[in-house]
Amino acid sequence: MESGQSSQAESATAAVHAIHKARPGEVDALARTLARAFYEDPVVSWLLPDDSRRLLASERGFRTFLRRLWLRHEETYVAQDASGVCVWEPPGTWKVGLGAQLALVPALVRVYGRGLPRLLAAIAKLEKEHPRPPHWYLPFVGVEPERQGRGIGSAVMRPILDRCDAEGMAAYLEASAPGNRALYERLGFEVTEELTLGRGAPPIWRMWRQS
């Protein structure tokens with residue numbers, strides 16, 4: 001292995017083993033990582049079909065959700081260099097109240113434009129059949145494309161999965177790509193249902209992990 005490759009491998013290893021809770025000042029970096037990670041995701045491509053604006057729009061969308069919803073729970077985990085991000089919502093906090101939804105609309109209109117009704121319908125469908133038993137909910141986990149396959153994704157998920165195991169608590173997520181589903185299955189999640197979020201949408205898989 002050449003010295004440059006060696007140093008990249010060492011950097012990736014360090015990132016895997018240096019996980020911390022996200023801080024407000026990291027929002028921009030986290031949004032960029034998630035937007036890049038999901039650029040080719042089937043569901044994100046369905047929601048934002050214009051390739052020329054998907055990356056920027058997705059970044060703005062993730063930034064909005066991080067600031068307005070996710071970081072307030074203080075359970076978003078980040079690799080040392082922000083190459084991996086995992087958003088968790090504690091038991092009982094996954095449902096967004098009507099007031100919070102209305103407060104988000106102006107920002108989401110700027111991101112999704114005429115595609116906003118499709119997004120809102122998709123969210124409503126996900127929430128309608130969301131499991132009711134207590135659980136940790138994982139809405140998003142993403143790794144920079146050039147750093148994928150190095151264990152960073154599972155590393156940023158691990159703090160809460162370990163907590164679930166220690167406390168006997170379940171975890172839940174929706175997988176939007178077959179490759180992601182395989183990762184989650186290796187971490188103990190099982191598919192409970194396959195569904196689509198609307199006309200022309202790709203399949204997603206509800207996945208449950210019983211500790």
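Student: What conventions apply to the numbering and the values?
Tutor: Residues are numbered from 1 along each chain as its sequence is written, and side-chain values use heavy atoms, with hydrogens and water left out. Because the model is predicted, local features need pLDDT of at least 70 and side-chain atom pairs count only at pLDDT 80 or more, while totals for chains, interfaces and linings use all residues.

Student: What is the strand order of the open sheet, and which are its edge strands?
Tutor: Strands are DSSP runs (E, at least two residues), as helices are (H or I, at least four), numbered from the N terminus. Two strands pair if DSSP finds at least two bridges between them. The open sheet has 7 strands with mixed pairing, in the order β1-β2-β3-β4-β5-β7-β6. Pairing on one side only marks the edge strands, β1 (19-21) and β6 (190-196).

Student: In which sense do β3 and β4 run, and in which sense do β4 and β5 run?
Tutor: Between β3 and β4 there are 5 bridges, with Glu 89 opposite Tyr 137 of β4. On the β5 side, 4 bridges join β4 to β5, and Trp 136 faces Ala 171 of β5. The β3 and β4 pair is antiparallel, and the β4 and β5 pair is parallel.

Student: How many residues of β4 are buried?
Tutor: Buried means under 20% relative accessible area, exposed over 50% and partly exposed in between, with a 1.4 Å probe and protein chains only. Helix α2 (residues 27-37) lies across β2 (76-79), β3 (84-89) and β4 (135-143), and helix α8 (residues 178-186) lies across β4, β5 (170-175), β6 and β7. Strand β4 is mostly covered, and its buried residues number 8 of 9.

Student: What covers the buried residues of α2?
Tutor: The buried residues of α2 are Val 27, Leu 30, Ala 31, Thr 33, Leu 34 and Ala 35. Contact means heavy atoms within 4.5 Å. Residues of α2 including Val 27, Leu 30 and Leu 34 meet residues of α4, among them Leu 55, Phe 62 and Leu 66. The cover includes α4, β2, β3 and β4.

Student: Which term describes the orientation of α4 and α5?
Tutor: Axes are lines fitted to C-alpha atoms, for helices over the stretch in contact, and angles run from 0 to 180 degrees between N-to-C directions. The axes of α4 (residues 51-70) and α5 (residues 98-112) come within 9 Å and cross at roughly 165 degrees. Angles under 35 degrees count as roughly parallel, over 145 as roughly antiparallel, 65 to 115 as roughly perpendicular and the rest as oblique. The pair is therefore roughly antiparallel.

Student: Which backbone oxygen lies 2.7 Å from a polar atom of the Arg 209 side chain?
Tutor: Arg 209 is found in strand β7 and is buried, with a relative accessible area of 8%. Its contacts, leaving aside neighbours within four places in sequence, include Arg 158, Asp 165, Leu 187 and Phe 189. A polar contact is a pair of N or O atoms within 3.5 Å; within protein, one must be able to donate a hydrogen and the other to accept it, and residues adjacent in sequence count only if both atoms are side-chain atoms. The backbone oxygen at 2.7 Å belongs to Leu 187.
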